[in-house]
Each structure stands twice: as structure tokens, then as C-alpha cells.
Amino acid sequence: MDKVRNELLQGTLDLLILKALSAAELHGWDISKRIAIVSNERLSLKQGSLYPALHRLESRGWIEAEWGVSDAGRSAKFYRITRRGRKELEVETAHWLSFAEAMSSVLRME
Amino acid sequence: MNAERLRWLKTKCRRLFRRDQQEKALDAELQFHLDHLVAQFRADGISERDARLAAQREFGAEASAYREEIRDTWRPPELADLWRSLRFAMRSLARSPGFTVLAVITLALGVGVNTAMFSALNSIILRPLPYRDTAQLEEIFRTTAQEPRGKISVADYVDLQSQMDGYGAIAAFTRADASLAEPGQPAEFVESVRISANLFDLLGVPPQVGRDFQAGEVREGSDHVLIISSRCWQKRFGGASDIIGRVVRINGQPNEIIGVLPPTFNDWRFLGWVDVFRPLGLTGEESADRKPQLLQLIGRRAGTSAQAAGYIARFGERLAKDFPADNAGSTWETVSLEEDKVGNSPKSVFGMLIGLSGFVLIIACSNLANLLLARTMARAREFAVRSALGASRRQLLRPLVVESLVLALAGGVGAVLVAMWATDWLSAASTGDNGEAVPFMLDWRVLAWAFVASLGTAVAFGLAPALFAMRLDLNGTLKSGARGATAGRGHQRFRSVLIGGQFALAMILLTGAGLFIRGLDDLNNRRAGWQSDQMIRGTILLPAATYPGATEINAFQRLALERLRALPGVASASVSYTMPFLGFAGARRYVVEGREIPKAGQEPTADINGVSPRYFETVGTRLLAGRVFDAHDTPDAPRVFIISETMARGLFGKENALGHRLARVGGDTMEWGQIVGVAADTRSIFPDPHPVTFQLYQPMAQEPRPYNEIAVRTAGATSAALVDAIRTTMTALNPDLPVRDLQPADRRIARRNYQLGVLSNMLNGFAVLGLALASLGIYGVIARTMRNAPVSLRFGSRSVRGFGISLTWFNGEGEAGRGRCGGGFARSFWDHALAELALPKHAAQRSASVGRGHAFAHRGRARRLLFAGAPRGTDQPDRCLARGVD
């Protein structure tokens, strides 16, 4: 499958990160891996946009970070979604799904 | 607040304050990612070196860019923005230094004057008295129809003390000025208060050094002990450490200093500037006397204020019933000391001053609004472009608000400087003859006032024009290509109202200042029945210990006058109870011989003065008929009187008053005295109207009093050398007899009204400041808009018409176009204010014409001020101004 174009729609990056973190605490590398795997390698997050986004989300209080030990035994910064982050994720997911549904129904119009 | 939020806040703080730590963490995080990238490339079978290079390539190129982006997220966005707007505001203010300086000066002056007034209010009225639990302290008065706040007799005080279980504690005091002399030195006059032994204990301020009075020391004989104020200790004794136990002479008697009060007790608001406290020194005889009301009482109540008042009132009723001869018709009342500490008159004066300084502030505000408006209009294109590019309302307003904040801050600092300078001046100007300075403190309350006032002013008046900017017609402004805005009618009207309003306020201030100056001049230049030039006067108090009776006093006075008259340069000298410009020494009732005696209390009343021979020639009061008193009018000679012109006319009409006989009512026997002369009426320099118009003189020798006014008429001009010579002469007679306030009479007169002088200077300051600000405002606005000729001309004529209209509006007589601001509102306002201050009534009545005159004079000045300063080539608006006003 082709990679989707790299410029993600505005606002979707935050949503992807929140979604990735909703299941587990992850560090930056794992977040990008997980998104790549789940999207069948169609979405890839470059570090250039990933880290600013992580720090932005942290300063908004949607995620929080803590230093821990990675699987390989190295110290790494793990991110975790907060309660406010979950709420945001819920709202934004609903928003996005209804938008996508609307878009696709328009685009599939005969 | 949950744990999550707390952690978030902690993160925020770390990001703000622990930057180096954050940087390291970021490095580690990115390194971690890089290592994983390398590992991934390695897994694809690339050599270690190539993998590392590839990872660097993918990672590195834009690393610094997104690092910066990351750092941006650490900074709170508001702060980052604020800093940017602040820099922007500074730059844009610096680009127009003229505007900035004008705005800051306007704010500093407007708010500064207001702050100075607040500072005075704060130190005089708001600051609590320096005693313990001042809310419990009360003054106790004996109220009669004549004296709403009467004093209390010693016997009544003794009774109250023995029956006061329900009330709390009571202390008594009475003013008794004294002379103080250190061994081997001439005496000086000191402010002295005699007190009951428990006063300091009751107030909760014990002496700082030494001990308090003991109960036994209140009795006469054991009362030769002193407690001095900290001020007296520093000023007179240089703060000597061995002060306790020193013996000084008080009224010629040796007294031991046993204590010094702490500096906090220097507060003048309750007792005044007291130097020396002495025990009451009561004789057994005095303690049983209900006649002379000598004492003032202060109490610390135990119960509620209502209970205390009830207790005191019931005590008064009992007294009135038990001793009807002395106490019938009197009631007793309590007044909270904290409420009463400065009395009502300063409160109303301060109310007026704060109000008037508020006028100045309003003028400053409208100035600022005008300046900002003009500035906003000049930048209309900039706003239009920015909003066309998508700037939100918030983004458009923000720089304006921030600019206002910067101005407010600078203005606030300026205001504090102005206030400091103004209070220094006020303090110096209101310092009394003996260094009685009112301290003005610049405490946090005053600083807060200055900054809140300038902040409020700047933000409120910065926003008004900004809101006008919001309503700009975007399209029109962009298309017109004009540098300024083609301003709408709305803001033109707004500007007219502002300028008109501020000029109207300035006119009110000017009118008031004019009235005040006239009133004060009237007072200071009043020479009604006396001549104060070429006169030196002073006060002596002959202590009863040395001069117990008439014989001693008469002998001393005769000797003193002989010596004074012998001084070179002295034309004549006299002693009297009082000086005509200071009023008379109380009123007495008289009956005329051979006429029906009126009902008790209905007899003709006259102000009295006891005078020595040559008094009339010394003070310059004309004798209209008969003779003056001479050396033959001794205590043994028949009684004689001289009455005033009005009294003679009032009692005898066209009949000759000379030869008639009068007697004073109230004595044990009627002692008739013959009228031997008629003198011209005199009036004191004091503004308060006096109900008694009859004046009566009696020979000092026939009823000598210990309190004497010495007057010396000089042959030439008064001089300091002569003042010294008089002082030396008096000291030689008795070293324990200081002459108080010995100085030329004219200076004394000016000093007596100096507080009015300070007030008048302040009003003048307000007026000049108000006018200057208003002129500055118009100048600033015209100068700004003048670059764009057609607009400015229209603007000029409009605002000037507004000015004329506003004047008309204040006129009250409704003659359109003939703005006379002396009328209507301003007049009634000032009549009211002058009545409040009890300035001479005739001055107030003249207010209309005077006010009008001043308004016109100052209007001319305003115009001159305006156009001397206006940019060249503005004769067009001048014509407009003329049209608008006349």
C-alpha cells in the first residue's frame, strides 16, 4: 500500500499521539513505531513533528511524562495520557469520525 | 485540585525556571530516538558507520529548527506574547517621543496631584491614633445650649470618678501653657498639658524612659514632676541620655523630669504638639468647685458604646438634679475619639480637595484619551491593514492595551515623584511657627493608590480610542490612501466633548482659585479699626506663683511698659487682654443705669478687652469721643469704660453716651462704671461671623489678668533688632517669663491664616495645572492632526465649538454662545465650598461677579497659552476659536 501523503491534516497529529498513548505508556520512538504499525506503514511520524507535538501536548496538560527504563534497559522518557487528554481524545475522535463519515458520504455520492 | 493537575503545574514551573535541566532532558530524549534509528538501520544490514550517518542525515538537518519549536512550547504562550507586545509597544512609543512624553507628564501630574491629596488624607484621617484599642476611647462632653462640647468642672470629674464602676476608666486633662527654663538660662514658652495620673495608662502608651505619674502626684504640692514628649526631648534636650532626674524650672518653680514618652506619642491629632505633661495639681478647694469648667475628659469604655453613652448621660442627669445651680440645662455625651480625632472641618476640606484634585485627574484622563484617540486615528491605516491580513479583534487590541500599560507604569512612577514633591511642599508649607510639622507618609496605601489610579486611567482611557479603532471602516480606510483616518462623526463628537469638558472643569478650578485668593486677601488685608503695620506684639502669661494678685500684676505691667517705652525706636507700648485682630476676650452682659433691667439672660452683650493706658494709640484704634484710660484709672479709682461706636449707637441712639453708667451682670454686687469714651469698631481677621457686635474696654489695672498681649508701636519700620531688644528687656524683668510669638503683627496675622494660605495655594495649583493640562491636550491634538490640513481644520473648529457649547452648558443663564462659566453650576458649587470653609461672606456673595471676571481673564490667558504654543500656520483655528466662544 502507498504511504498517505506525509502532511497530515491539521490537528490529526495530536489525535494520533493521544490515541497511541491511550493504550499504554510509551516513549517517543515507540509512539512513532506503533502508529506506523497500526496504520500499516501508511502513516509515519517524523521526529521533527513528533517531539514538538509531544511537548506541546504536555504543556497543555493532555499527556504527562516521566523518565523510566526502556525494554533495552536504557533510561527513556515515557509519555502517559492524562484524564484531560482522554476527554480531549474522546471529543476529537467523535469529531473526526463524524467529519470523515460526512466526507466519505459526500465523496462516494453517485 | 487533583494530583494530575499538580504534576502538570510542576512541569510548567520546571520548564519556566529549570531551563538547563530541561535542555539536558531534551538532549537525552532525542539521543534515545537517534540510537533507535541507528539500530533500525543496522538491522537492515548497513554498517555501523553508514547507519550512524544515515540516522544523522534523517535526524540532523532540521534538528535545530524543531528544537526551537520544542522550546517554544515550554514558554507559556501568554508570556511570550506579552513580551513581544511589550517590545512592540516600547518601540512604537519610542517612535513618537512627543506623544509619549506628553502622555506620561499628563498622567504623572494628574495622578500625582491626586496621590498627594490621598497621602494627606491618609496621614491625617485614615491613619489610626497611636494608642491601644482606640475603638474603646471616647471623649466626654458636657453639653449646654451655648457650648455643644463643653468642658467639665473638677468637682463633677471627682464625682464621676467615684461613681464610674459601670463605665470603664476616665482620665482628665487641661491645657496649661507654661514657661520652661534650664538652670542659668532664660525661660521659653512650652506647650503644656496637665493630666490625671492615669492618662498614659488609659491610652496604653507608658513612658519609654523613666516612670509614669503616681496617683498622689495629682495633688498640689507634690506635683513638681514632669513627663516630656519625645519631640521635646530631642528638640530641647538633644536626646540627652541623663534626662531622667534633671531639674528644670516650670513657671519659675523647680520641677523634676521623671519620664520621656515614646515617639509614637508625638501624634498631634488628639492633644496637639505637646512638649510637657504635668500632673493636674489640684487643691482641695478646686476639687470641690463646680463653677469653672476646666477639664477635658477621655474615657476607655468597658461595655458597648451605647451602654457607655447611657451611663454618662444618666450621670449628667443626676448632676443636673443634684446641683441645679451649676448644672441645670446641661447634658453629658460621649463621642468616639477615633471619629472625632480631627474634627469635621478637616474632613470636609479634604473631601473638597480630593474632589478638586479629581477634577485635575479627569482633565488629565480626557487629555490622555484624546491623545490616544488622535494617535489611533493616525494609525488607522496600520489597523486596517492588519485586520485585512486576518488579525483578530484581540490581536488588534492587545498592542493598544499594552501601550496603555507601559504608559501607566511610567506615569505611575512619575506620579509618585510628583506626589513626593507635593507632600514635601505641603509639609513645609503647613509647618507651624514652632516646627509643628504634619508628617506625610508615603506608605504602601499611597503607592497602591498612585498605581491603581494611573493603571485605571491609562487602561480605561486607552481602551476608549481602541474601541473606536475597532469600528473603522476597513474598506474606506484602505482605499482612501490617506495617512490619517477620515474620522467618523462619532469620534469627532467624542473628542469635542472631551476638550469642552476639560476646559469647563479647568474654568471651575480657576473660578474657585480666584474666589479663594480674593477671600484670603480680604482676610489678610483687613484693617478694620486697627493698624498692624509698625507694630510688634507678643504674649506673656504671668504665673500665679510669682504674681498671685492684682497688686503684683499691676506693678509688673507698669514696670514693663516703662522699660519698653524707653527703648529707642519705640513710639508707644501697651498691654491688653487681647489684640483687636485676634478677636476679643469673651463676652459679658451689661445693664444701663436708670433703665429698666431686662429679664435675666436678655441683657445687652458686649465683647470685652482690658487695656492699659496708651492702648488705643498703640494698636491704632481711633477714639471718637471722650478720653482714653490713663494712669489715674487705678484699682482704687471709680470704674470707667470705653465702648464701641456700635454699642454707643445701639444703647443710646443719638444721645451722647458719655457720662452714662453701666454695670456688669453676674457679679455679687452691681458695680457701676462710667462711660468715658467711645472708640471705633474693630473686626478680627478671623473669617467666622461673630454674633456679638458691641465692644467694651475696661482699664487693665481695674481688673488685671495674668494672660497679657504686649503691643509695641515702632517709630519707623519694624526690625529684628527691635524684636530682640524687646525680648531682652522682658527677660531682664523676669527670666522665667518668656514672650511667646514675639514678632511683627503683620507676620502674626499672616501666620494665623496660613492654613487658608496653604489651601489657597493648593487650589491655585490645581487650577493652573488643570488649565495647563487642558491647553496641553488641545495643543497636542492639534499638533498631531495638523499634518493633515483639511482634517485638522475641521477638527479644530468642531472641538472649539464644543468648548463654547460646554461653557454655555455650565453657564446656567442659557445665553447661547456667550459662555460665562462664572454662572450656574460653578457659582453654586463655589458658594457652597466657601460657606463650608467659613470664608468671609461678602466674598462669597461676590462670587458671581468675581468668578465671571476671573473666568474671562483666564479665558484670555487660556487662549494665549494655547496659541503661543500651537504650531505655525494655525490662524484658521484661532478664528474658529473666536467664533466658537464669542
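A salt bridge is a side-chain nitrogen of Lys or Arg within 4 Å of a carboxyl oxygen of Asp or Glu. Keep that rule in mind on this tour of a predicted model. Over all chains, the count by this rule is 32 salt bridges.

**Stop 1.** Select B:Asp275 and B:Arg231. Their side chains form a salt bridge, at 3.5 Å from N to O. The two partners come from distant parts of the chain, 44 residues apart. B:Asp275 lies in the loop between helix H10 (268-271) and strand S11 (276-279) of chain B. B:Arg231 belongs to helix H9 (residues 230-237) of chain B. Both residues are buried.

**Stop 2.** Select B:Glu709 and B:Arg537. Here the N to O distance in the salt bridge is 2.7 Å.

**Stop 3.** Now select A:Glu25, A:Glu64, A:Glu66, A:Arg80 and B:Arg7. Salt bridges with shared partners join these residues into one network.

**Stop 4.** Finish with B:Glu48 and B:Arg42. They form a salt bridge, and their closest N and O atoms are 3.5 Å apart. B:Glu48 counts as partly exposed because its relative accessibility is 38%. B:Arg42 is partly exposed as well, at 40% relative accessible area.

Note on methods
Residues are numbered from 1 along each chain as its sequence is written. Chains are lettered from A and ligands numbered from 1 in the order in which they are written. This is a predicted model: local features need pLDDT of at least 70, side-chain atom pairs count only at pLDDT 80 or more; totals for chains, interfaces and linings use all residues. Side-chain values use heavy atoms; hydrogens and water are left out. Buried means under 20% relative accessible area, exposed over 50%, partly exposed in between (1.4 Å probe, protein chains only). Helices (H or I, at least four residues) and strands (E, at least two) are DSSP runs, numbered from the N terminus.
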